[in-house]
Amino acid sequence: MSKPLISASVAAPGFYGLNSQQSSVTLEDGFALEATNCIIDKYGRLGARKGYRILDNDFPSYSLLSDVDYIELSGHTEGSTDGEITIVFSSDHGFTVGETIEVASANGTHSYGAIGTTSLDKGTDPTYSFEVTNSTTLTSLDPVFASVPTLYNRQTTTELVANFAAPTFPTLYGMHRFVDIAGVEKVIVWGEQTDVQGNPNANGFYIYTNGAITYPTDNTSANTFDAFNWQGATLNDKAFFFQEGYTPMVYNPTTDVFSDITDSSCPQANTVLSAYGRLWVARTDTDKMTVYWSDLLDGENWSTGSAGYLDLSAVMVQGTDEITGLGAQNGRLIIFTRRSIVIYGDSTGGSTLDPATLVLVEVINRVGCVARDSIQNTGTDIIFLSEDGLRSLGRVIQEKSLPMRDLSANVRDELVQAVAAETVNDIKSVYSEDNAFYLLLLPRYERIYCFDTRAPLPNGTLRVTIWNNQKHTSMLSLPNDIYFTNPDGLCEYYGYQDNNSSYPMLYLTNYFDLGSPTQTKILKKLTLTVIGLSSQDFVLKTAFDYIDSYRSYVGTLQALPGSEYNEAEYGLNDTVLSGSQTSSTITVGTGEHYTADFQLEQDETYDVPLNLWLDDDTYYYSNDDGSRTQTTVYTQQGSYTYEYSVGTVSEPIRLSVGGAGSVLQVGFETTVDGSEFSIQKMDVYAKQGRVY
């Protein structure tokens with residue numbers, strides 16, 4: 001008689017996140033040995049992370065109107081293509097002699113009575129190549145244009161314009177969110193511009209606002225920018241930037257100018273914090289253990305008023321150390337060194353901090369912070385990277401002595417090894433309250449560790465997944481958004497493609513034995529319930545007895561049966577049949593139009609993404625006819641029929657499989673290409689074989 005099938009069900013696979021620390025056979029159901037390009041979504045499911053899209057990776061042409069003295073046209077006869085253009089500057093133009101550059105247009109206007117206006121222009125988008133012959137002159141290399149009404153020669157009294165071709169986009173390394181007193185938000189970005197056509201006013205700093213990166217009006221800093229490890233802070237309607245070994249800088253939004261802080265007492269510090277009405281800085285190239293603070297509400301005054309400093313050397317009991325970062329929490333100043341944490345308050349015990357009454361609260365030894373930009377304040381706690389993993393300040397204070405538990409305990413050895421190979425100044429992080437995760441970027445490995453912060457696991461750790469192929473250089477959290485800088489430009493966390501390209505998602509369970517570790521299991525069938533769009537392919541994987549030799553089985557998602565938008569297509573339950581297309585309708589493949597409640601921008605009410613296709617006729621469709629552009633609109637959670645309906649709930653996918661062993665591992669791999677994907681449930685069916 002054949003033996004009955006035995007089964008095991010894994011609800012919410014991967015719910016506990018990645019665990020590379022413990023023996024895989026002793027792990028509880030819900031842990032994963034691989035969880036790549038995944039997140040734990042708000043329903044507790046393992047799902048695909050979002051990708052990114054470009055916000056800006058271009059600059060407008062750079063106008064030299066005020067610097068051009070005159071434009072000379074010589075050797076030209078009317079109606080011919082010969083001749084030479086020379087642009088003469090009133091002062092040093094800043095380009096290197098001998099280089100070849102491009103000018104997008106060169107034109108001048110003047111009046112000769114009846115002759116009228118002369119324009120040096122050879123089309124709607126003219127481009128000229130120029131050889132830099134000396135410090136004030138550029139000479140044309142290309143032939144001139146087809147026709148010019150009259151010879152144009154040294155008209156110094158007319159308006160002249162030389163628009164240089166847009167420079168290549170700089171390599172960006174960091175960002176700071178700045179909101180001025182009027183509520184106008186700007187993202188100040190910095191990076192390296194090696195193109196000689198770059199605007200000297202930028203000098204490493206740029207402004208992103210109103211959908212585009214622009215140059216500041218001026219940059220009067222005397223700094224020579226050959227490093228870009230700035231840290232920014234906002235105080236009293238100005239933004240301040242500090243980097244070890246560089247003159248600190250201030251950005252004034254009123255004049256749109258970057259300038260040096262002129263107070264010679266201002267330290268050239270590596271870390272800056274804006275808290276309790278003043279700036280706090282620490283770590284210079286000659287002093288690693290002193291904290292300085294500015295005058296109240298004046299980040300440019302470091303020598304008078306209530307400005308001062310504090311030397312930590314006297315309170316360190318473990319010998320010489322160095323400050324790596326600063327934080328503020330509950331009216332206290334948190335000073336992170338590599339191997340200790342020093343906490344100061346004031347004698348009043350209030351929620352503000354007066355430097356005149358500073359008192360030492362405690363020194364926590366043998367746990368510190370190794371990377372300045374790993375420090376993130378979550379509002380109720382501070383998360384930071386220590387020598388032995390990711391830590392929570394609240395947990396460290398609570399345990400007092402050396403805490404053996406940490407937020408990254410499930411991946412500690414792997415994480416510590418990766419951090420050891422990184423340049424600590426390049427390690428970046430971001431905390432997103434909207435997404436409920438903390439991201440830790442290790443750029444050398446092109447890897448992000450994603451720590452879910454909704455609720456800790458029973459052992460106090462956070463659920464973690466890994467994102468790979470991450471070429472970002474920095475990250476910034478904004479209300480309802482996350483920005484990245486990377487070689488593609490300035491980007492945002494968005495959609496389910498990486499800059500219009502697909503990316504892989506991989507999940508593998510731990511090894512499990514179906515409750516009988518000494519018996520052979522003959523695998524017969526796998527059933528998966530997943531959330532995603534129909535017709536999406538994926539690959540099921542199985543392995544046995546700790547041998548990473550996987551069998552693969554291809555499956556395709558099929559949507560649950562149902563009618564169109566008025567009866568739960570995409571799970572929507574509040575759609576209405578419409579007689580014609582409008583801006584608020586979705587047209588299905590059979591031609592019907594359904595009015596749906598959606599909007600183009602995400603907010604707290606419309607927070608559920610719905611993937612559609614936008615046609616050239618500006619209307620939305622449920623399918624692609626080969627020419628439409630996939631796009632995302634946002635709907636309300638209450639508009640969905642299904643309990644778990646971010647995307648279409650598929651029918652259970654049943655695949656016949658094979659193989660045998662005492663312990664087994666299952667998982668799946670899919671390509672994320674514009675549509676969300678998450679797994680709801682996994683069922684395994686097998687027959688028992690002989691006893692070992």
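1. Strand 31 (376-377) and strand 32 (residues 382-386) run antiparallel and are joined by two bridges; strands here are DSSP runs of E, at least two residues long, while helices are runs of H or I with at least four residues, and both are numbered from the N terminus. Two strands count as paired if DSSP finds at least two bridges between them. Glutamine 376 stands opposite isoleucine 383 in strand 32. These strands belong to an open sheet of three, in the order 31-32-33, with antiparallel pairing. Strand 31 and strand 33 (389-392) are at the edges with a single partner strand each, so one side of each has no neighbour in the sheet.

2. A word on the basis of these remarks. This is a predicted model, in which local features need pLDDT of at least 70 and side-chain atom pairs count only at pLDDT 80 or more, whereas totals for chains, interfaces and linings use all residues. Residues are numbered from 1 along each chain as its sequence is written, and side-chain values use heavy atoms, with hydrogens and water left out.

3. Now the chain as a whole. The protein chain holds two helices and 54 strands. Of its 692 residues, 53% count as buried, where buried means under 20% relative accessible area, exposed over 50% and partly exposed in between (1.4 Å probe, protein chains only). Among contacts between residues at least 6 apart in sequence, 62% join residues at least 24 apart; a contact means heavy atoms within 4.5 Å.

4. The largest pocket is worth a look, and glutamine 376 turns up again there. About 1200 Å³ of space lies in this pocket, and of its 39 lining residues the closest to the centre are His176, Gly232, Ile375, Gln376 and Leu476. For the search, a 1 Å grid is laid over the protein atoms alone: a cavity is a set of points where a 1.4 Å probe fits but cannot get out, a pocket is an open set with protein on both sides within 12 Å along at least five of seven lines, and lining residues have an atom within 4 Å of a point. Grid points are joined across faces, edges and corners, and the volume is the space filled by probe spheres set on the points. Strands that each supply at least two lining residues include strand 14 (171-179), strand 19 (231-235), strand 31 and strand 38. By class, the lining has 18 nonpolar, 15 polar and six charged residues; Ala, Val, Leu, Ile, Met, Phe, Trp, Tyr, Cys and Pro count as nonpolar, Asp, Glu, Lys and Arg as charged, and the others, Gly among them, as polar.

5. The second largest pocket has about 1000 Å³ of space. Of the 40 residues that line this pocket, the closest to its centre are Lys50, Asn435, Gln602, Asp607 and Pro609. Elements giving two or more residues to the lining include strand 39, strand 40 (489-494) and strand 54 (677-691). Its lining has 18 nonpolar, eight polar and 14 charged residues.

6. Five bridges join strand 38 to strand 39 (residues 481-486), and serine 477 has isoleucine 482 as its bridge partner in strand 39. In the loop between strand 38 and strand 39 sits asparagine 480, with a positive phi of about 65 degrees although it is not a glycine. Asparagine 480 counts as partly exposed, at 39% relative accessibility.

7. Strand 20 (residues 238-242) has four of its five residues buried, so it is largely enclosed by the rest of the structure. On one hand, five bridges join strand 19 to strand 20, which run antiparallel, with threonine 234 partnered by alanine 239. Two residues separate the strands in this hairpin, where asparagine 236 takes a positive phi near 55 degrees. On the other, three bridges join strand 20 to strand 21 (residues 249-252), again antiparallel, and alanine 239 stands opposite tyrosine 251. That hairpin has six residues between its strands, and glycine 245 in the turn has a positive phi of about 85 degrees.

8. Lastly, two single residues. Asparagine 210 has a positive phi of about 55 degrees although it is not a glycine, and it counts as exposed at 78% relative accessibility. Serine 140, in strand 12 (residues 137-140), is buried at a relative accessible area of 9%.
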